[in-house]
2 protein chains.
Amino acid sequence: MKFCSQCGHSVSQHIPQGDSRLRYVCDHCQVIHYQNPNIVAGCVATWGTQVLLCRRAIEPRKGYWTLPAGFMENGETVEQAAQRETREEACAEVVNLSIYTLIDVPHINQVHIFYRAQMLNPHYAAGEESLDVRLFDEADIPWSELAFRTVSRTLECFFADRPNQVYPVRSEAVAPLAGLAKPQQ
Amino acid sequence: MKFCSQCGHSVSQHIPQGDSRLRYVCDHCQVIHYQNPNIVAGCVATWGTQVLLCRRAIEPRKGYWTLPAGFMENGETVEQAAQRETREEACAEVVNLSIYTLIDVPHINQVHIFYRAQMLNPHYAAGEESLDVRLFDEADIPWSELAFRTVSRTLECFFADRPNQVYPVRSEAVAPLAGLAKPQQ
């Protein structure tokens, strides 16, 4: 951030009175520009015993498999965001959503929230941001080709919980990957 | 938003290619400025059977009682945000946090996430944004003077769940209040 989005003058970083963090503050109109984490919402969408995965057509992690998920938009609920992303990326309608994992990714200022959900019918297709969409049995999940650790972790939890049919809500965090110039997430 | 925070030129609203929503796009450098919901994180902090509430020293809802809560910052987890807000607003240290309610407030682009938590010791005091901080028995909760519906709802759930000592994670939404020029939240 270099310029004030309200008045167009330059901004500089300092700690406003009563605050404890560096903020971008307008040098002219003094507006403080807060920057906060974003929510990524998605689904573990199932049809029978199979789970729906999308192969990413865009960076980051183009070509890798992911659960349908994306940035929550203003004016919607987290659940609506998860449903919309599943519709956009996998052309699939999901119902009976239950919150399942909330995984912090603090080094990139994101919180990933996944819901368990049932597909309304067995129809799906690759949306604009997907190269391919498929239903996978547990034995066929492409673990080494998953796009993001929050996806791997959510699927691990899901298959660990499924034999008992009890799905406690998981709240945890992932740390930066060591040794990568650009962490995968 | 009137100006591009990257180059300082004017922005205008249109739907970028491949998108379906109006975005602020720079007329000069073409950067798209996405706007996304914010997370408010807080605690139902308990000492024995009592719950910690703060009387707000700032708008909105100055003078009303709230659970300690505030905007999540970049670089922290939701749980860390809830702990920090409890420290800042109530000068109280909390441990053993468990995610409890996730309440969407889509008309103001917020998601409120509350954790159940235990106070480490019985020390607390009014922080800068609080007029007063007190431990309340269930019978003394000032229901008609609570600041926000997400706070009322979280406390209702808490006292409904407590007799059974089972606290399922709640995921729900609140709608705008009818008949108010400025919704309370």
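Predicted model: local features only at pLDDT ≥ 70, side-chain atom pairs only at ≥ 80, totals over all residues.
**Entry 1: the interface**

I began with the place where the chains meet. I found 34 residues of chain B in contact with 34 residues of chain A. Next I asked which elements of chain B supply at least two residues each to the side that touches chain A. My list reads strand E4 (38-47), helix H1 (78-90), strand E8 (94-105) and strand E11 (170-173). E8(B) gives the most to that side, with 3 residues. I then sorted the residues on the side of chain B that touches chain A, and they divide into 15 nonpolar, 12 polar and 7 charged.

**Entry 2: the symmetry**

How is chain B laid on chain A? I noted a turn of 180° and a shift of 0.0 Å along the axis, with an RMSD of 0.0 Å. The two copies are therefore related as by a two-fold rotation axis. The same surface serves both copies, as 100% of the contact residues of chain B recur in chain A.

**Entry 3: the domains of chain A**

I turned to the domain assignment of chain A, which gives domain 1 (1-35) and domain 2 (38-173).

**Entry 4: a sheet in chain A**

My last stop was an open sheet of 3 strands in chain A, with the order E1-E2-E3 and antiparallel pairing. Strand E1 (11-14) and strand E3 (32-33) of chain A are the edge strands, each pairing on one side only. Strand E2 (residues 23-26) of chain A is joined to E3(A) by 2 bridges, and the two run antiparallel. I also looked up A:Val25, whose bridge partner in E3(A) is A:Ile32.

How values were computed:
Residues numbered from 1 in each chain as written. Chains lettered and ligands numbered in written order. Contact = placed C-beta atoms within 7 Å. Helix = DSSP H or I, 4+ residues; strand = E, 2+ residues; numbered from the N terminus. Nonpolar A, V, L, I, M, F, W, Y, C, P; charged D, E, K, R; others polar. Least-squares fit on C-alpha atoms with pLDDT ≥ 70 in both. Domains from an automatic or database assignment. Pairing = 2+ DSSP bridges.
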